[in-house]
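Student: I have a model open and would like to learn how to read it. Could we go through it together?

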Amino acid sequence: MINKDQKRNLYIMIGAAAVSGTLVICTLGQNVHRDREIVKQEAAAHDTVPYCIVKAYNGKLGVFLYVDELPYDVINVNINLLSEFDKNQFMTGVALENESELKKVVEDFSD
């Protein structure tokens, strides 16, 4: 037969298990929700159209709007004087998200 203390301890353990289970389920639910939000944000970031693309153009750096074949501006820098890393980046093109990023590139690479 179960005495009062054993019964009380059993109820405490059942209550603790219920609280622990609830916390685990809520935590897992929050993790799933957070992961879904991260996936949505990453997908939205990949769907954005860049402000412009800076790439090599006639030995200089051309600033191209997303759909234009000709640059709307040319940065007066000889790409042959750049490091191999920078040269490779600009050969394939560097997508910039806004005007402040473009200003930074112009400041970093212009004379």
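Student: How many of the 111 residues count as buried?

Tutor: Buried means under 20% relative accessible area with a 1.4 Å probe, protein chains only. Here 16% of the 111 residues count as buried. Bear in mind that this is a predicted model, where local features need pLDDT of at least 70, side-chain atom pairs count only at pLDDT 80 or more, and totals for chains, interfaces and linings use all residues. Residues are numbered from 1 along each chain as its sequence is written, and side-chain values use heavy atoms, leaving out hydrogens and water.

Student: What radius of gyration does the protein have?

Tutor: The radius of gyration is taken over C-alpha atoms, and the globule rule is 2.2 Å times the number of residues to the power 0.38. A compact globule of 111 residues would come out near 13 Å, but this protein has 29 Å. Its C-alpha trace spans about 95 × 30 × 20 Å along the principal axes.

Student: Which residues have the most contacts inside the largest nonpolar core?

Tutor: In soluble globular proteins, nonpolar side chains tend to be buried together. A nonpolar core is a set of buried Ala, Val, Leu, Ile, Met, Phe, Trp, Tyr and Cys residues joined through side-chain atoms within 4.5 Å. The largest one here has 13 residues, and Val54, Leu61, Ile75, Phe90, Val105 and Phe109 have the most contacts inside it.

Student: What does Phe109 touch?

Tutor: Not counting residues up to four places away in sequence, Phe109 touches Leu61, Val77, Leu82, Asp86 and Phe90, where contact means heavy atoms within 4.5 Å.

Terms used. Buried means under 20% relative accessible area, exposed over 50%, partly exposed in between (1.4 Å probe, protein chains only).
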